[in-house]
Amino acid sequence: MRCVLRVSGLGVNASLSKISLAPYRLEDGVAHFDVSDADFSDFKVQVKDAIAFLQSHMADVKLLMSEPDASGVLDFAIERRDVSVQFDSFPAALVREAGNLGLALE
């Protein structure tokens, strides 16, 4: 598993020709982009990769998110651990980068 960015909206398909990022999947107006290929057991690396991705592709993500009705989410896949309570928190740096671009975290 990996962290992915999903962006949906009316103008997403048209915006793709204006950016340098290429989605690995495009279906029903939702573009899916690889953010991290770290294993789902390595949440910390997924977070580090996500911050680097947002910083290096800020202009492209801004353009995608500026479309009418655009909605975006960074989706982190994490493994289920054998513990009574499982939680992982997002560091402020990631929350700040994602928030500035209008992205949700999942």
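Analyst: Buried means under 20% relative accessible area, exposed means over 50%, and partly exposed is in between (1.4 Å probe, protein chains only). This is a predicted model: local features need pLDDT of at least 70, side-chain atom pairs count only at pLDDT 80 or more, and totals for chains, interfaces and linings use all residues. Residues are numbered from 1 along each chain as its sequence is written, and side-chain values use heavy atoms, with hydrogens and water left out.

User: Fine. Is Arg25 buried, exposed or partly exposed?

Analyst: Arg25 is partly exposed, at 37% relative accessibility. Arg25 forms a salt bridge with Glu27, with 3.3 Å between the closest N and O atoms. Glu27 is also partly exposed, at 38%. A salt bridge here is a side-chain nitrogen of Lys or Arg within 4 Å of a carboxyl oxygen of Asp or Glu.

User: How many salt bridges does the structure hold?

Analyst: Four. One of them joins Asp75 and Arg6, at 2.6 Å from N to O. Asp75 is in strand S4 and Arg6 in strand S1, so this pair ties together parts 69 residues apart in sequence. Helices (H or I, at least four residues) and strands (E, at least two) are DSSP runs, numbered from the N terminus.

User: What else does Arg6 bridge to?

Analyst: Glu106, with the closest N and O atoms 3.3 Å apart. Arg6, Asp75 and Glu106 are linked in a network of salt bridges. Arg6 is partly exposed at 22%, and Glu106 is partly exposed at 48%.

User: Switching to H4. Which of its residues are buried?

Analyst: Leu94, Glu97 and Ala98, in a helix that covers residues 92–100. Down the helix axis they fall within an arc of 95 degrees, so they line one face; the arc is taken from the directions from the axis to the C-beta atoms. Ala92 and Asn100, on the other side, are exposed.

User: What does the buried side pack against?

Analyst: Helices H2 (43–56) and H3 (58–65), and strands S4 (71–75) and S5 (103–105). Contact means heavy atoms within 4.5 Å.

User: And the core: which residues touch the most other members?

Analyst: Leu5, Phe33, Leu74 and Leu103, of the 25 residues in the largest nonpolar core. H2 gives the most to this core, with six residues. A nonpolar core is a set of buried Ala, Val, Leu, Ile, Met, Phe, Trp, Tyr and Cys residues joined through side-chain atoms within 4.5 Å.
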